[in-house]
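Biologist: I would like to learn how to read a protein model. Could we go through one together, feature by feature?

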Amino acid sequence: MTEQKRILESAKKAVEARLKNVSATEEVYSREQKAAKSISPEAVARLVGIYENMPPREAASVFDVMETHILVAMAGAMNTRKLSAIMAHMSPDRVNIVSQYMIGVRSFNSHKSDPVLSTSMDQRSNPSHQMVRYSSSPSAEGEMSSPASPLLPSRQ
């Protein structure tokens, strides 16, 4: 009987910890949804026009250092031919990361645990575009995988 009580208490503590994690996730999701709506579509369209008219090599050098949430918002609104010409000149790791965001494999909740993104996003929580999908079970702030396994850029 005491063994069963101990097991039950242990399970109860695990459930409480999981509930705290879910509450924190919901809070982050709520904050980021509000922030996502704060990026003006007009500003994105204006930037898209600027970068589409730049030579692809120059635009790529800017895109390589641009904050990911802004880049993904712009990439989603760009002409695919112009975007592909720019991405051809970007670093492969950066293209891989942006591609993952654009197809929804990764969301803006994951940057705190992702060493590649933590440097490019200054450890700020600032999502971008409605195209980005948010996961209900984010990994250290979400992606579509389990909380313990962030996606890392492939080295293919």
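Biologist: At what angle do helix α2 and helix α4 pack?

Modeller: Two packed helices are described by the angle between their axes and the distance between the axes. Axes are lines fitted to C-alpha atoms, for helices over the stretch in contact, and angles run from 0 to 180 degrees between N-to-C directions. Helices are DSSP runs (H or I, at least four residues), strands are runs of E (at least two), and both are numbered from the N terminus. Here, α2 (residues 41–52) and α4 (residues 68–77) pack at about 75 degrees, with their axes 9 Å apart. The two are therefore roughly perpendicular; angles under 35 degrees count as roughly parallel, over 145 as roughly antiparallel, 65 to 115 as roughly perpendicular and the rest as oblique.

Biologist: Which residues of α2 and α4 meet?

Modeller: Contact means heavy atoms within 4.5 Å. V44, L47, V48 and Y51 in α2 meet A73, M74 and A77 in α4. By class, this contact has seven nonpolar, no polar and no charged residues. Ala, Val, Leu, Ile, Met, Phe, Trp, Tyr, Cys and Pro count as nonpolar, Asp, Glu, Lys and Arg as charged, and the others, Gly among them, as polar.

Biologist: How many residues of α4 are buried?

Modeller: Buried means under 20% relative accessible area, exposed over 50%, and partly exposed in between (1.4 Å probe, protein chains only). In α4, seven of the 10 residues are buried: T68, H69, L71, V72, A73, M74 and A75. Across the protein, 36% of the 156 residues count as buried.

Biologist: How far can I trust the model?

Modeller: This is a predicted model, where local features need pLDDT of at least 70, side-chain atom pairs count only at pLDDT 80 or more, and totals for chains, interfaces and linings use all residues. Residues are numbered from 1 along each chain as its sequence is written, and side-chain values use heavy atoms, with hydrogens and water left out. The pLDDT is the predictor's confidence in each residue, from 0 to 100. The protein averages 75, and 65% of the residues score at least 70. Confidence is highest in helix α3 (residues 56–63), at a mean of 96, and lowest in helix α7 (residues 115–120), at 38. Over residues 110–149 the pLDDT is below 50, and this stretch has 107 contacts in the model beyond near neighbours in sequence. Where pLDDT is low, the predicted coordinates should not be read in detail.

Biologist: How many helices and strands are there in the protein?

Modeller: The protein has seven helices and zero strands.

Biologist: At what angle does α3 pack with helix α5?

Modeller: You can read this pair in the way you read the earlier one. The angle of α3 with α5 (residues 80–87) is about 70 degrees, and their axes are 8 Å apart. That makes α3 roughly perpendicular to α5. P56, A59, A60 and F63 of α3 make the contact with L83, A85 and I86 of α5. By class, seven residues here are nonpolar, none polar and none charged.

Biologist: Where does M102 lie?

Modeller: M102 lies in helix α6 (residues 92–103). Its relative accessibility is 23%, so M102 counts as partly exposed. M102 and G76 are 26 residues apart in sequence and, C-alpha to C-alpha, 6.9 Å apart in space.
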